[in-house]
Amino acid sequence: MVSVYFTILMSISLMVFYEATMYRLVKNSVYLYRINNVEVRLLDRGEENAIYVNTLLLKKKIILLKRDLPETILKHELGHVEQVNIYYLGLILAPWVASCNVLLLIPLAFTIKAIGVYLEYKADKAVGKPLKFNDPKPRPKSRLKRLYAWILENHPPDWVRMREDYLQKNIVTLFLRDILNG
Ligand SMILES: [Zn+2]
């Protein structure tokens, strides 16, 4: 049985780690403007993407990773504003789950990931139309590579988000169809 103090310490350490990682992003970015009470900042990495920051200390911020992004990307990030930060919550919970049984971390990780993808899809729904990218990632021919994209990236893959019927289908159908169809 792991002591409660150790579990609390682990939980706090992970929170500090997460806050520090996000703080680095914020610190390296510059303030642009405010929209709906959310700060919008720029960290020009030339990537066609944005990051939504939502932590206890840093509050809600949107960091654009390139100038002149398509408007749908900002709208997507604004779709996150009312959502909980499921990854932060997962980090706080992980030591408590592990103190019961380390193996429970596996279903926890899968659950957090599944909720995370679902929340991304909800944020896309807030945009109201399929997303447009100037430079989308092409759909790999290999099933395994497509599966990796679903697992490793925060958002559903670009090629799925750009589909005409993206917002009409549910996320599970989209996932299965993307993996199973050649
Ligand atoms: Zn998102």
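Six bridges, counted as 6, join S3 to strand S4 (residues 59-64), and the two run antiparallel. The model is predicted: local features need pLDDT of at least 70, side-chain atom pairs count only at pLDDT 80 or more, and totals for chains, interfaces and linings use all residues. Residues are numbered from 1 along each chain as its sequence is written.

**Exercise 1.** Find the bridge partner of Asn54 in S4.

*Solution.* Step 1: strands are DSSP runs of E, at least two residues, and helices are runs of H or I, at least four, numbered from the N terminus. Step 2: two strands pair if DSSP finds at least two bridges between them. Step 3: the partner of Asn54 in S4 is Lys60.

**Exercise 2.** Give the strand order of the sheet and name its edge strands.

*Solution.* Step 1: the 4 strands form an open sheet in the order S1-S2-S4-S3, with mixed pairing. Step 2: strand S1 (30-35) and strand S3 (50-55) each pair on one side only, which makes them the edge strands.

**Exercise 3.** Describe how helix H1 (residues 4-27) packs on the sheet.

*Solution.* Step 1: contact requires C-beta atoms, placed from the backbone, within 7 Å. Step 2: H1 touches strand S2 (38-42), S3 and S4. Step 3: angles run from 0 to 180 degrees between N-to-C directions, with axes fitted to C-alpha atoms, for helices over the stretch in contact. Step 4: the direction of H1 makes about 135 degrees with that of S3.

**Exercise 4.** State the helix content of residues 6-26.

*Solution.* Residues 6-26 are 100% helix and 0% strand, with end C-alpha atoms 30 Å apart.

Note on methods: Contact = placed C-beta atoms within 7 Å.
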